[in-house]
Amino acid sequence: MRVVVTGASRGIGRAAAEKYLSLGHEVHGIDVAPSSIEAPMYRHYTVDIRRKEALPDIDGVAILFNNA
């Protein structure tokens with residue numbers, strides 16, 4: 001499954017991203033801060049979610065974990 005996690009750089013968002021990765025999911029993390037998660041199935045976007053025009057276009061999202 002393709003999962004998007006906002007607030008993925010630290011705390012609950014980071015833990016959620018790591019959990020989905022451990023379950024074999026493709027995870028896209030979004031945060032204003034860079035991420036230290038390094039995994040083949042992880043892609044990080046450093047962007048403020050309040051800037052709609054800057055958000056990545058991610059097709060086929062099955063789960064949105066909105067933590068921001």
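In what order do the strands of the open sheet lie? The order is E3-E2-E1-E4, with 4 strands and parallel pairing.

## About the model

This is a predicted model, in which local features need pLDDT of at least 70 and side-chain atom pairs count only at pLDDT 80 or more, while totals for chains, interfaces and linings use all residues. Residues are numbered from 1 along each chain as its sequence is written, and side-chain values use heavy atoms, leaving out hydrogens and water.

## The sheet

Strands here are DSSP runs (E, at least two residues) and helices likewise (H or I, at least four), numbered from the N terminus; two strands pair if DSSP finds at least two bridges between them. At the edges sit E3 (42-46) and E4 (63-65), each pairing on one side only. E2 (residues 26-31) runs parallel to E3 and is joined to it by 5 bridges; Gly 29, for one, has His 44 in E3 as its bridge partner.

## The helix across it

Helix H1 (residues 11-22) lies across E1 (2-6), E2, E3 and E4, at about 170 degrees to E1. Axes are lines fitted to C-alpha atoms, for helices over the stretch in contact, with angles from 0 to 180 degrees between N-to-C directions.

## The cores

A nonpolar core is a set of buried (under 20% relative accessible area, 1.4 Å probe, protein chains only) Ala, Val, Leu, Ile, Met, Phe, Trp, Tyr and Cys residues joined through side-chain atoms within 4.5 Å. The largest has 10 residues, among them Val 3, Tyr 20, Val 27 and Ile 37. H1 gives this core its largest share, 4 residues.

Terms used: Contact = heavy atoms within 4.5 Å. Buried < 20%, exposed > 50% of the residue type's maximum accessible area, 1.4 Å probe, protein only.
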